[in-house]
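Keep the viewer open as you read.

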Amino acid sequence: MDETSENEKIEFDLLLQAIYQKYGYDFRNYSKASIRRRIRHRFSRSGLKTISEMQHKLLNDKQFFEVLLLDLTVNVTEMFRDPSFFKMIRKTVIPELKKQPFIRVWHAGCSSGEEVYSTAILLNEEGLYKNTLIYATDVNEAVLDKAKKGIFSIDRMKDYTRNYRNAGGIASFADYYTARYDHAIMDNSLKKNIVFSDHNLVTDDVFGEMNLIICRNVLIYFSCDLQERVFGLFWESLRSGGFLCLGSKETIRFSTYSDDFENVAEGEKIYRKNGKITLI
Ligand SMILES: C[S@@+](CC[C@H](N)C(=O)[O-])C[C@H]1O[C@@H](n2cnc3c(N)ncnc32)[C@H](O)[C@@H]1O
(Lines give C-alpha, C1' and ligand atoms only; values in the text may rest on other atoms or scores of the structure.)
Protein backbone atom coordinates (compact mmCIF):
# COMPACT_ATOMS: atom_id res chain seq x y z
CA MET A 1 0.00 0.00 0.00
CA ASP A 2 1.23 3.54 -0.77
CA GLU A 3 1.34 5.30 2.60
CA THR A 4 2.41 8.67 1.30
CA SER A 5 1.14 11.60 3.43
CA GLU A 6 -0.85 14.44 1.89
CA ASN A 7 2.14 16.81 2.07
CA GLU A 8 4.48 14.24 0.58
CA LYS A 9 2.05 13.68 -2.29
CA ILE A 10 2.17 17.39 -3.05
CA GLU A 11 5.96 17.36 -2.90
CA PHE A 12 6.18 14.38 -5.25
CA ASP A 13 3.78 16.00 -7.72
CA LEU A 14 5.75 19.25 -7.66
CA LEU A 15 9.00 17.38 -8.19
CA LEU A 16 7.61 15.59 -11.26
CA GLN A 17 6.26 18.89 -12.55
CA ALA A 18 9.70 20.48 -12.07
CA ILE A 19 11.40 17.64 -14.01
CA TYR A 20 8.90 18.06 -16.83
CA GLN A 21 9.33 21.82 -17.07
CA LYS A 22 13.10 21.80 -16.76
CA TYR A 23 14.08 18.68 -18.73
CA GLY A 24 10.99 17.80 -20.80
CA TYR A 25 10.62 14.25 -19.40
CA ASP A 26 7.02 13.68 -18.41
CA PHE A 27 6.63 11.16 -15.56
CA ARG A 28 3.47 12.80 -14.20
CA ASN A 29 1.22 9.98 -15.43
CA TYR A 30 3.41 7.05 -14.54
CA SER A 31 1.99 4.67 -11.95
CA LYS A 32 2.27 6.65 -8.71
CA ALA A 33 3.31 3.88 -6.31
CA SER A 34 6.20 2.77 -8.51
CA ILE A 35 7.47 6.28 -9.35
CA ARG A 36 7.37 7.32 -5.67
CA ARG A 37 9.28 4.18 -4.68
CA ARG A 38 12.02 5.07 -7.15
CA ILE A 39 12.22 8.67 -6.04
CA ARG A 40 12.44 7.52 -2.40
CA HIS A 41 15.24 5.11 -3.34
CA ARG A 42 17.37 7.97 -4.76
CA PHE A 43 16.31 10.33 -1.95
CA SER A 44 17.48 7.90 0.74
CA ARG A 45 20.98 7.85 -0.83
CA SER A 46 21.17 11.59 -1.45
CA GLY A 47 21.72 12.94 2.08
CA LEU A 48 18.93 15.46 1.42
CA LYS A 49 16.36 16.22 4.10
CA THR A 50 13.11 16.69 2.18
CA ILE A 51 11.67 15.93 -1.26
CA SER A 52 11.44 19.71 -1.79
CA GLU A 53 15.21 19.94 -1.24
CA MET A 54 15.60 17.17 -3.77
CA GLN A 55 13.53 19.18 -6.23
CA HIS A 56 15.86 22.15 -5.79
CA LYS A 57 18.90 19.94 -6.39
CA LEU A 58 17.35 18.37 -9.48
CA LEU A 59 16.67 21.78 -10.98
CA ASN A 60 20.24 22.93 -10.41
CA ASP A 61 22.30 19.80 -10.93
CA LYS A 62 21.85 18.04 -14.29
CA GLN A 63 24.08 15.14 -13.30
CA PHE A 64 21.90 14.43 -10.28
CA PHE A 65 18.89 14.48 -12.59
CA GLU A 66 20.58 12.00 -14.95
CA VAL A 67 21.15 9.57 -12.09
CA LEU A 68 17.49 9.85 -11.09
CA LEU A 69 16.47 9.41 -14.74
CA LEU A 70 18.14 6.00 -14.75
CA ASP A 71 16.18 5.09 -11.60
CA LEU A 72 12.90 6.31 -13.03
CA THR A 73 13.15 4.53 -16.37
CA VAL A 74 13.96 1.02 -15.01
CA ASN A 75 16.16 -0.50 -17.68
CA VAL A 76 16.22 -4.16 -16.63
CA THR A 77 16.24 -6.45 -19.66
CA GLU A 78 17.77 -9.62 -21.08
CA MET A 79 18.13 -11.57 -24.33
CA PHE A 80 15.24 -13.86 -25.21
CA ARG A 81 13.50 -12.75 -22.01
CA ASP A 82 10.51 -15.07 -21.42
CA PRO A 83 11.69 -17.69 -23.94
CA SER A 84 8.13 -19.03 -24.39
CA PHE A 85 7.17 -15.64 -25.81
CA PHE A 86 9.79 -15.87 -28.56
CA LYS A 87 8.80 -19.47 -29.23
CA MET A 88 5.22 -18.33 -29.72
CA ILE A 89 6.36 -15.54 -32.06
CA ARG A 90 8.02 -18.19 -34.21
CA LYS A 91 4.84 -20.24 -34.23
CA THR A 92 2.16 -17.59 -34.73
CA VAL A 93 3.65 -14.33 -36.04
CA ILE A 94 6.47 -15.50 -38.30
CA PRO A 95 4.21 -17.47 -40.73
CA GLU A 96 2.17 -14.29 -41.27
CA LEU A 97 5.25 -12.10 -41.68
CA LYS A 98 6.52 -14.53 -44.31
CA LYS A 99 3.61 -13.42 -46.52
CA GLN A 100 4.92 -9.85 -46.51
CA PRO A 101 7.39 -8.49 -49.08
CA PHE A 102 8.86 -6.10 -46.52
CA ILE A 103 8.61 -6.05 -42.72
CA ARG A 104 8.73 -3.14 -40.31
CA VAL A 105 9.20 -3.85 -36.62
CA TRP A 106 9.09 -1.31 -33.80
CA HIS A 107 10.70 -2.16 -30.47
CA ALA A 108 9.31 0.55 -28.18
CA GLY A 109 11.15 0.88 -24.85
CA CYS A 110 14.02 -1.30 -26.06
CA SER A 111 16.36 -0.42 -23.17
CA SER A 112 19.97 -1.48 -23.87
CA GLY A 113 18.97 -3.55 -26.90
CA GLU A 114 19.13 -7.18 -25.74
CA GLU A 115 15.52 -7.74 -26.83
CA VAL A 116 16.16 -6.12 -30.23
CA TYR A 117 19.15 -8.36 -30.99
CA SER A 118 17.03 -11.34 -29.97
CA THR A 119 14.41 -10.39 -32.56
CA ALA A 120 17.09 -9.79 -35.20
CA ILE A 121 18.49 -13.29 -34.54
CA LEU A 122 15.04 -14.86 -34.74
CA LEU A 123 14.14 -13.07 -37.98
CA ASN A 124 17.52 -13.99 -39.44
CA GLU A 125 17.00 -17.66 -38.67
CA GLU A 126 13.58 -17.50 -40.31
CA GLY A 127 15.10 -15.97 -43.46
CA LEU A 128 13.27 -12.67 -42.94
CA TYR A 129 15.91 -10.30 -41.60
CA LYS A 130 17.15 -9.20 -45.01
CA ASN A 131 13.67 -7.81 -45.76
CA THR A 132 13.19 -6.21 -42.37
CA LEU A 133 13.74 -2.80 -40.85
CA ILE A 134 13.70 -2.68 -37.05
CA TYR A 135 13.12 0.65 -35.30
CA ALA A 136 14.45 0.41 -31.76
CA THR A 137 13.44 3.30 -29.54
CA ASP A 138 13.70 4.35 -25.93
CA VAL A 139 13.29 7.54 -23.93
CA ASN A 140 16.66 7.08 -22.22
CA GLU A 141 19.61 8.07 -24.41
CA ALA A 142 22.21 6.43 -22.15
CA VAL A 143 20.71 2.96 -22.63
CA LEU A 144 20.16 3.60 -26.34
CA ASP A 145 23.89 4.29 -26.73
CA LYS A 146 24.57 0.93 -25.16
CA ALA A 147 22.04 -0.69 -27.50
CA LYS A 148 23.75 0.86 -30.55
CA LYS A 149 27.10 -0.56 -29.48
CA GLY A 150 25.67 -4.04 -28.95
CA ILE A 151 28.29 -4.92 -26.36
CA PHE A 152 27.09 -6.93 -23.37
CA SER A 153 28.66 -8.56 -20.36
CA ILE A 154 30.11 -11.99 -21.12
CA ASP A 155 28.83 -13.16 -17.73
CA ARG A 156 25.25 -13.02 -19.02
CA MET A 157 25.89 -15.17 -22.09
CA LYS A 158 25.38 -18.48 -20.31
CA ASP A 159 21.85 -17.45 -19.28
CA TYR A 160 21.17 -15.97 -22.69
CA THR A 161 22.28 -19.18 -24.41
CA ARG A 162 19.82 -21.11 -22.25
CA ASN A 163 17.04 -18.60 -23.02
CA TYR A 164 17.85 -18.82 -26.73
CA ARG A 165 17.55 -22.62 -26.72
CA ASN A 166 14.32 -22.52 -24.70
CA ALA A 167 13.01 -20.02 -27.25
CA GLY A 168 13.44 -22.60 -30.00
CA GLY A 169 16.90 -21.54 -31.22
CA ILE A 170 18.78 -24.35 -32.89
CA ALA A 171 22.02 -22.73 -34.06
CA SER A 172 25.06 -22.16 -31.91
CA PHE A 173 24.31 -18.98 -29.94
CA ALA A 174 28.05 -18.24 -29.69
CA ASP A 175 28.11 -17.65 -33.47
CA TYR A 176 26.17 -14.43 -32.91
CA TYR A 177 28.84 -12.68 -30.87
CA THR A 178 32.58 -12.36 -30.47
CA ALA A 179 33.95 -12.75 -26.96
CA ARG A 180 36.56 -10.16 -26.02
CA TYR A 181 37.86 -10.04 -22.45
CA ASP A 182 34.73 -9.72 -20.31
CA HIS A 183 32.50 -8.58 -23.17
CA ALA A 184 30.38 -10.13 -25.87
CA ILE A 185 30.23 -8.03 -29.05
CA MET A 186 27.15 -8.74 -31.14
CA ASP A 187 27.79 -9.55 -34.79
CA ASN A 188 27.65 -6.54 -37.12
CA SER A 189 25.36 -8.41 -39.52
CA LEU A 190 22.64 -8.22 -36.85
CA LYS A 191 22.91 -4.44 -36.60
CA LYS A 192 22.64 -3.56 -40.23
CA ASN A 193 18.84 -3.32 -40.42
CA ILE A 194 18.29 -1.70 -37.03
CA VAL A 195 17.67 2.02 -36.61
CA PHE A 196 18.10 3.22 -33.02
CA SER A 197 16.45 6.47 -32.03
CA ASP A 198 15.01 8.26 -29.04
CA HIS A 199 11.25 8.32 -28.81
CA ASN A 200 9.09 9.13 -25.83
CA LEU A 201 5.84 7.18 -25.70
CA VAL A 202 4.30 9.88 -23.51
CA THR A 203 4.94 12.88 -25.70
CA ASP A 204 6.06 11.77 -29.19
CA ASP A 205 4.09 10.83 -32.26
CA VAL A 206 3.19 7.67 -34.21
CA PHE A 207 5.63 5.47 -36.15
CA GLY A 208 3.61 4.53 -39.23
CA GLU A 209 3.00 1.29 -41.09
CA MET A 210 4.42 -1.29 -38.69
CA ASN A 211 3.85 -5.03 -39.15
CA LEU A 212 4.95 -5.81 -35.61
CA ILE A 213 5.23 -3.70 -32.46
CA ILE A 214 6.99 -5.14 -29.44
CA CYS A 215 6.61 -3.10 -26.27
CA ARG A 216 7.24 -5.30 -23.28
CA ASN A 217 7.60 -4.37 -19.63
CA VAL A 218 7.12 -0.65 -20.27
CA LEU A 219 3.38 -0.04 -19.83
CA ILE A 220 3.47 -1.68 -16.43
CA TYR A 221 5.00 1.59 -15.17
CA PHE A 222 2.26 3.76 -16.70
CA SER A 223 -1.13 4.81 -15.29
CA CYS A 224 -4.25 3.49 -17.06
CA ASP A 225 -4.77 6.86 -18.81
CA LEU A 226 -1.25 6.84 -20.11
CA GLN A 227 -1.55 3.23 -21.26
CA GLU A 228 -4.65 4.29 -23.15
CA ARG A 229 -2.68 6.98 -25.00
CA VAL A 230 0.03 4.49 -25.92
CA PHE A 231 -2.46 1.89 -27.15
CA GLY A 232 -3.86 4.60 -29.43
CA LEU A 233 -0.35 5.34 -30.67
CA PHE A 234 0.23 1.65 -31.38
CA TRP A 235 -3.12 1.23 -33.09
CA GLU A 236 -2.32 4.10 -35.44
CA SER A 237 1.23 2.88 -36.04
CA LEU A 238 0.19 -0.66 -37.02
CA ARG A 239 -0.92 -1.82 -40.44
CA SER A 240 -4.22 -3.74 -40.47
CA GLY A 241 -3.40 -7.27 -39.40
CA GLY A 242 -0.19 -6.10 -37.71
CA PHE A 243 0.85 -7.64 -34.39
CA LEU A 244 1.20 -6.05 -30.97
CA CYS A 245 3.23 -7.76 -28.23
CA LEU A 246 3.16 -6.71 -24.58
CA GLY A 247 4.93 -7.91 -21.44
CA SER A 248 3.69 -10.82 -19.34
CA LYS A 249 2.03 -8.51 -16.76
CA GLU A 250 0.46 -6.20 -19.35
CA THR A 251 -2.78 -6.52 -21.31
CA ILE A 252 -4.88 -4.57 -23.78
CA ARG A 253 -8.03 -6.26 -22.50
CA PHE A 254 -9.11 -3.50 -20.07
CA SER A 255 -8.56 -0.75 -22.58
CA THR A 256 -11.05 0.84 -24.97
CA TYR A 257 -8.89 -0.58 -27.78
CA SER A 258 -9.64 -4.13 -26.64
CA ASP A 259 -12.18 -4.78 -29.42
CA ASP A 260 -9.77 -3.49 -32.06
CA PHE A 261 -7.36 -6.36 -31.41
CA GLU A 262 -7.89 -10.10 -31.55
CA ASN A 263 -6.05 -12.57 -29.32
CA VAL A 264 -3.29 -14.47 -31.03
CA ALA A 265 -1.82 -15.86 -27.83
CA GLU A 266 -3.28 -14.13 -24.75
CA GLY A 267 -0.95 -16.10 -22.47
CA GLU A 268 2.07 -14.59 -24.23
CA LYS A 269 0.36 -11.23 -24.76
CA ILE A 270 0.41 -11.37 -28.54
CA TYR A 271 -2.45 -9.49 -30.22
CA ARG A 272 -3.38 -8.65 -33.78
CA LYS A 273 -4.96 -5.47 -35.08
CA ASN A 274 -8.31 -6.34 -36.65
CA GLY A 275 -8.45 -6.52 -40.42
CA LYS A 276 -6.57 -8.34 -43.11
CA ILE A 277 -2.92 -7.56 -43.84
CA THR A 278 -2.75 -5.20 -46.78
CA LEU A 279 0.13 -6.04 -49.05
CA ILE A 280 2.41 -3.15 -49.98
C1 LIG B 1 12.04 -2.65 -18.02
S2 LIG B 1 12.67 -1.96 -19.50
C3 LIG B 1 12.04 -3.11 -20.69
C4 LIG B 1 13.04 -3.44 -21.76
C5 LIG B 1 12.59 -4.51 -22.75
N6 LIG B 1 11.43 -4.06 -23.49
C7 LIG B 1 12.32 -5.81 -22.06
O8 LIG B 1 11.16 -6.17 -21.87
O9 LIG B 1 13.28 -6.48 -21.66
C10 LIG B 1 11.64 -0.52 -19.71
C11 LIG B 1 12.18 0.44 -20.74
O12 LIG B 1 11.15 1.39 -21.05
C13 LIG B 1 11.75 2.63 -21.25
N14 LIG B 1 10.76 3.71 -21.08
C15 LIG B 1 10.24 4.18 -19.92
N16 LIG B 1 9.41 5.21 -20.19
C17 LIG B 1 9.40 5.38 -21.54
C18 LIG B 1 8.76 6.29 -22.41
N19 LIG B 1 7.95 7.23 -21.94
N20 LIG B 1 8.99 6.19 -23.73
C21 LIG B 1 9.82 5.23 -24.22
N22 LIG B 1 10.48 4.34 -23.45
C23 LIG B 1 10.27 4.41 -22.11
C24 LIG B 1 12.84 2.68 -20.20
O25 LIG B 1 13.84 3.65 -20.50
C26 LIG B 1 13.37 1.24 -20.22
O27 LIG B 1 14.47 1.11 -21.06
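## A covered helix

Helix 6 is mostly covered, with 10 of its 12 residues buried. Buried here means 20 or more other C-beta atoms within 10 Å of the residue's own; 12 or fewer makes it exposed, anything in between partly exposed, and C-beta atoms are placed from the backbone. The buried set in helix 6 is Glu114, Glu115, Val116, Tyr117, Ser118, Thr119, Ala120, Ile121, Leu122 and Leu123. Helices (H or I, at least four residues) and strands (E, at least two) are DSSP runs, numbered from the N terminus.

This is a predicted model, so local features need pLDDT of at least 70 and side-chain atom pairs count only at pLDDT 80 or more, while totals for chains, interfaces and linings use all residues. Residues are numbered from 1 along each chain as its sequence is written.

The open sheet has 7 strands in the order 6-2-1-7-8-10-9, with mixed pairing; strands pair if DSSP finds at least two bridges between them. Strand 6 (194-198) and strand 9 (261-265) are the edges, each with a single partner strand, so one side of each has no neighbour in the sheet. On average, neighbouring strands of this sheet are turned by 20° against each other, direction ignored.

Strand 7 (residues 210-215) and strand 8 (residues 238-246) run parallel, joined by 5 bridges. Ile213 stands opposite Leu244 in strand 8.

## Helices across the strands

Helix 6 (residues 114-125) lies across strand 1, strand 2, strand 6 and strand 7, at about 170° to strand 2. Helix 10 (residues 224-237) lies across strand 1, strand 7, strand 8 and strand 10, at about 140° to strand 8. Axes are lines fitted to C-alpha atoms, for helices over the stretch in contact, with angles from 0 to 180 degrees between N-to-C directions.

## A glycine in strand 8

Gly242 is found in strand 8 and counts as buried because it has 29 C-beta neighbours inside 10 Å. Leaving aside neighbours within four places in sequence, Gly242 is in contact (C-beta atoms, placed from the backbone, within 7 Å) with Met210, Asn211, Leu212 and Lys273.

Methods:
Contact = placed C-beta atoms within 7 Å.
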